[in-house]
Amino acid sequence: MVQLRPRASRAPASAEAMVDEGQPASEEEEAEHGLLLGQPSSGAAAEPLEEDEEGDDEFDDEAPEELTFASAQAEAREEERRVRETVRRDKTLLKEKRKRREELFIEQKKRKLLPDTILEKLTTASQTNIKKSPGKAKEVNLQKKNEDCEKGNDSKKVKVQKVQSVSQNKSYLAVRLKDQDLRDSRQQAAQAFIHNSLYGPGTNRTTVNKFLSLANKRLPVKRAAVQFLNNAWGIQKKQNAKRFKRRWMVRKMKTKK
Amino acid sequence: MGEFKVHRVRFFNYVPSGIRCVAYNNQSNRLAVSRTDGTVEIYNLSANYFQEKFFPGHESRATEALCWAEGQRLFSAGLNGEIMEYDLQALNIKYAMDAFGGPIWSMAASPSGSQLLVGCEDGSVKLFQITPDKIQFERNFDRQKSRILSLSWHSSGTHIAAGSIDYISVFDVKSGSAVHKMIVDRQYMGASKRKCIVWGVAFLSDGTVISVDSAGKVQFWDSATGTLVKSHLIANADVQSIAVADQEDSFVVGTAEGTVFHFQLVPVTSNSNEKQWVRTKPFQHHTHDVRTVAHSPTALISGGTDTHLVIRPLMEKVEVKNYDAALRKITFPHRCLISCSKKRQLLLFQFAHHLELWRLGSTVATGKNGDTLPLSKNADHLLHLKTKGPENIICSCISPCGSWIAYSTVSRFFLYRLNYEHDNISLKRVSKMPAFLRCALQILFSEDSTKLFVASNQGALHIVQLSGGSFKHLHAFQPQSGTVEAMCLLAVSPDGHWLAASGTSAGVHVYDVKQLKLHCTVPAYNFPVTAMAIAPNTNNLVIAHSDQQVFEYSIPDKQYTDWSRTVQKQGFHHLWLQRDTPITHISFHPKRPMHILLHDAYMFCIIDKSLPLPNDKTLLYNPFPPTNESDVVRRRTAHAFKISKIYKPLLFMDLLDERTLVAVERPLDDIIAQLPPPIKKKKFGT
C-alpha cells in the first residue's frame, strides 16, 4: 500500500532548505510530483532520473521498476544531508585556515615593529610638534610642493624626510632608508666612474716607485730604485720572530740561573 | 748658545690630501683651494701667500667644483649632490642645498655673479638664482644623455657651453634648449674604443669654445655654426683643466702628466691684426695629475694630486721684477699639527681622522758636535686615537704634564684623561662636554695643566678649569664688537697670568686670566699672524706675521719693547724677508731670556737679543764658524740671527729642556711615496 505523505505547501520552504541552494528544494518537488520526465538533472536527483532515462530507452521493452516513495525519499534526504555536511565542514576548515594565517601574519608584523614604548613616544612627539608649529609645517610643505612642481618629472626626486628625534637623549635621527641607499649608490657610481676614467684599464699609469726611479736608471752610475726595500713584507713573520726571541732570551736567563 | 741634543723625528706619517679645485677671486686677491678630503682652504695671495682660513673636511663630501660669486660668496658642489655656501666670517658652512640631480660634477657662476649653474650626473643643467641669504632653484635646461662634466658661461650671460662624454652642447640660457651639439673625436686623427671625456670647456666672448678632453687634445670650436676650428694634440694623457684670463688673451691648461701649458693669443706676423692661439710655455712643476688650474692677472696657479699648490707669476705681467715674481710652491701646512708635552717627552700628531701619541726615545751616549748618537730606547707608539664620525679633526692639543688630550671637530669637543702606570697608559674620556666648545679653532692648555683655553669659531674664548677627572667652565670672553670674528691663534704665559688671542683682522687681544678681563690690544698689522708665544719671566709677547716680520710686545708695560723698536727701525735682512714659508712655532729657553727660538719649514733660528742686528751687507746664513779663526773675526761676523738649515723640511721644532731639542721632519720623498700612481713616462734607455 502506498502511503502518501501529506502534501507540502507551495509556500517557500524552511530557511534550511533555502540555504542549501535550490537543489534539495527541487528534489523535494520532484519527490512530490512523482517521477517527472524532462527535468534538468540535478546531482541529488540523478539516481531516479537516470533510471527514468534508461527507463525511456527500455520503455518499449520493459515495465518501469517500482520504487516506493519512502525509500527514494529517504535516500534523497540522506544524500542531501551528506552534501550539506561536507559543505559545512569544508567551510569551517577554510575558516580555520584563514584565521590561523591571519594570526601568523600579525605575529610576524609585531616582531618587525619597534617596541611599543618608542612607537608611543613617536606618535605623541609628532602630535606635539604638529600642535606647536602648524604654520611652519604648512610653509615647509608648500615650499616642498613648489620645488617638486618646478623641478619637473624627469629628475628623480630623492627626498630625505627626517623625522623629529624623539627620545630624551636625542642620540638618533630617523631617515628614510630608501632615500639614503639611492644617494649612496649614486655617489659610489660617480666615484667609480672617476676612478675608472683616471686609473682604470686603458690608462697609462705606473707606480710611484718606478716613476721616481727613472732618473736613477739614467745616471752615469746607476743607482737602486727609490723604494728598494719593501718594508711591508712579512710583517707578521717579523713580529713572531721578535716575540720568540724575547721569550727564548727569558728562558735562557732562567736556565742560566 | 750652548750645545743641544736633538731628537730627529721622522715617524710622523703626514700625507696631505690632493688638491681638487682652485678658484681665484680677483677683487680680494684670494684663492680658495678644495682638497679631496673635503677641506677648503683660503689663501691670501697678497699676504705672502699665507693660508688664513680653512674649513675642515668631511668624509662624505667629495667636492668637484668651487666657485666665487658676487659679493665674496664661496660655493662648492660635490658628489653628494649638495651645493654648499661657506660663511667666511664665522668659518662654518652656512647651508647645504640638495640639487636633486644626483652627484654634481661642475658648477659655474654667471659673469654678473647673480646666477649659478650646476651640471649633474643625470645630464641635467640646473639654474639657481643667488638671493642675498640663500640660493633658489630657478629652472632646468634641456636634459642631456650623459653626465655634464664641465660648464662655462659666455661673458654676456646669454649662452653656456657644457662638456659631457663624447660631445659638447651649447645652450641658450633664455630658452634653456640646446642650440648646438658638437661631437668630439675620440682620438686625434684616429678612432678609439675609449670614450672621450671633455674635462673642461671655456667660452670666450667672440664665440669660441675651447675644450680639453681625455684624449690629450685642446680644440677650438665656433659656437655660432657648431663646427671645429682648430685642434691641438698636446699630451699623451688627459688634459684635465683649463682656465682663461680675464682679458681673454691667454689661457692655461693642465695635463695628467703634470705639465701645465700656457696658450697665448699672438699676432700672426708682427704687424698684422690677425691673431691666433699659440702654445707658448710648458711648465713641469708637478709629478702627478694637474686637476685644476686658475689664471690670475699676473700668475698661473695649478694644483693636483701631488698636493703642491704652485703659483707661477708670469714675467711679462709682473711690473716690478723682484723676489715676488719667483715661483711659489706651497707644500707644507701653515699651521702646527704637532703638540708636545715637555715633562713626559711625548708628541701628539694630528691627522685628519685620528691622533697618534708617541714617546720619544732616549739615549745614554754622548758625543761631540755633529755626531749621531745610538738610541738605547726606541720611540714608542703609545696611542692611536680614532675620531668618531666622518668629520675631520680641526685642532688638538696635549697638556704639558701629559695627562690631558683635547681635540675638536665641527660638531663635538673631546677631552680625554690619561693615566700612566709604569709603562702602560690608560685613557678615559670626559663625557658631557658642553656644546659651545665644539668647532674650536685652537685649543691650548695652561703651563700647570689646570686650565684649558678654547677659541671657538664664533669669536668667543672659553676658559675651562680642569681638576682630577672633571672640568668646570670658568669664563667666556665674548668678541668685542658686534662682528663675529674667528679667533685663530692662542698663546698663554707660563705663569698663567696672561692669554693672547689673535683674530683674522683685528689686533692681538691680551686678556688677564686672573681677573678675567681684557688687558690690552696690540695694534693691528695688515698681515695675518702666523705664530705667537709669551716669554717666561719677562712676559713679552712675540708675534710673527706672514710677511716675516717679528714683533716683541711687553704685556705688563703695554708697549713694544726697545729691542723690537730697534729691529723695526733697522729692518730685517733682505734674505730673511724673502723666505717662502711662514714661521709656525715660537718657543723660549727657560734659563736664557735673551733667546727666542723660531722655525719655519726650511730653517730654524735662535735670535739672540744681546747680539747686534745684521744689516743688509752681512751674511745672514752664517756657516758654523771654524774654531781656528781669531776671536775678532768671529765677533765681527756674529749677529743676532743664528740660523741652521740642517733639519729640513721641518714641521715642528721645540725646546724640551735646557739641553734637548726635538725636530720633527717630513722628507718630501716620503710624502710622494704614498701618493696615487702617476702617468707612465717612457724615457730612452730605461
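Colleague: What is the relative accessible area of Q345(B)?
Modeller: This is a predicted model: local features need pLDDT of at least 70, side-chain atom pairs count only at pLDDT 80 or more, and totals for chains, interfaces and linings use all residues. Residues are numbered from 1 along each chain as its sequence is written, chains are lettered from A and ligands numbered from 1 in the order in which they are written, and side-chain values use heavy atoms, with hydrogens and water left out. Buried means under 20% relative accessible area, exposed over 50%, and partly exposed in between (1.4 Å probe, protein chains only). Q345(B) is therefore partly exposed, at 22%.

Colleague: What is the phi of Q345(B)?
Modeller: Q345(B) is found in the loop between β30 and β31 (346-350) of chain B; strands (E, at least two residues) and helices (H or I, at least four) are DSSP runs, numbered from the N terminus. Q345(B) is a residue other than glycine, yet its phi is positive, near 55°.

Colleague: Where does Q72(B), with its positive phi, lie?
Modeller: Q72(B) is not a glycine, but its phi is about 60°. Its relative accessible area is 28%, so Q72(B) is partly exposed. Its place is in chain B, in the loop between β6 (63-69) and β7 (73-78).

Colleague: Which residue does a cis peptide bond join to K648(B)?
Modeller: Look at the loop between β53 (641-644) and β54 (650-657) of chain B. The omega of the bond is about -5°. The partner of K648(B) is P649(B).

Colleague: How many aromatic pairs does the whole structure have?
Modeller: Rings of Phe, Tyr and Trp (its six-membered ring) pair if their centres lie within 6.5 Å; planes under 30 degrees apart count as stacked, over 60 as edge-to-face and the rest as tilted. Over all chains, the search finds 25.

Colleague: What is the angle between the planes of F251(B) and F263(B)?
Modeller: F251(B) is in strand β23 (residues 250-255) and F263(B) in strand β24 (residues 259-267), 12 residues apart in chain B. F251(B) counts as buried because its relative accessibility is 0%; F263(B) is buried too, also with 0%. The two rings are stacked, 4.8 Å centre to centre, and the angle is 5°.

Colleague: Which residues form one aromatic cluster with F11(B)?
Modeller: The cluster is in chain B. Besides F11(B), its members are F12(B), Y14(B), F349(B), F351(B) and W358(B).

Colleague: How many salt bridges does the structure hold?
Modeller: A salt bridge is a side-chain nitrogen of Lys or Arg within 4 Å of a carboxyl oxygen of Asp or Glu. Over all chains, the total is 24.

Colleague: Why are E85(A) and R88(A) separated by about one helical turn?
Modeller: These residues form a salt bridge, with the closest N and O atoms 3.0 Å apart. E85(A) is partly exposed at 29%, and R88(A) is partly exposed at 49%. The separation is about one helical turn because both lie in helix α4 (residues 69-112) of chain A, and they are 3 residues apart.

Colleague: Which residue forms a salt bridge with E85(B)?
Modeller: E85(B) is buried, with a relative accessible area of 0%. The closest N and O atoms are 3.3 Å apart, and the partner is K94(B).

Colleague: Is R666(B) buried or exposed?
Modeller: The side chain of R666(B) meets D670(B) in a salt bridge of 4.0 Å, N to O. D670(B) is partly exposed at 31%. R666(B) has 2% relative accessibility, so it counts as buried.

Colleague: Which residues do salt bridges that share partners join to E665(B)?
Modeller: One network links these residues in chain B. E665(B) is joined there with R8(B) and R10(B).

Colleague: Where is R247(A), a member of the patch of positive charge?
Modeller: The patch gathers K242(A), R243(A), K245(A), R246(A), R247(A), R251(A) and K254(A) on the surface. Patch residues have over 30% relative accessible area and no salt bridge; like charges are joined within 9 Å, nonpolar side chains (Val, Leu, Ile, Met, Phe, Trp, Tyr) within 5 Å. Lys and Arg count as positive, Asp and Glu as negative, with His and the chain ends not counted. R247(A) is in chain A, in helix α9 (residues 235-256).

How values were computed:
Accessible areas come from the Shrake-Rupley method with a 1.4 Å probe; for residues, only the protein chains shown count as cover. The place of a charge is taken as NZ of Lys, CZ of Arg, CG of Asp or CD of Glu.
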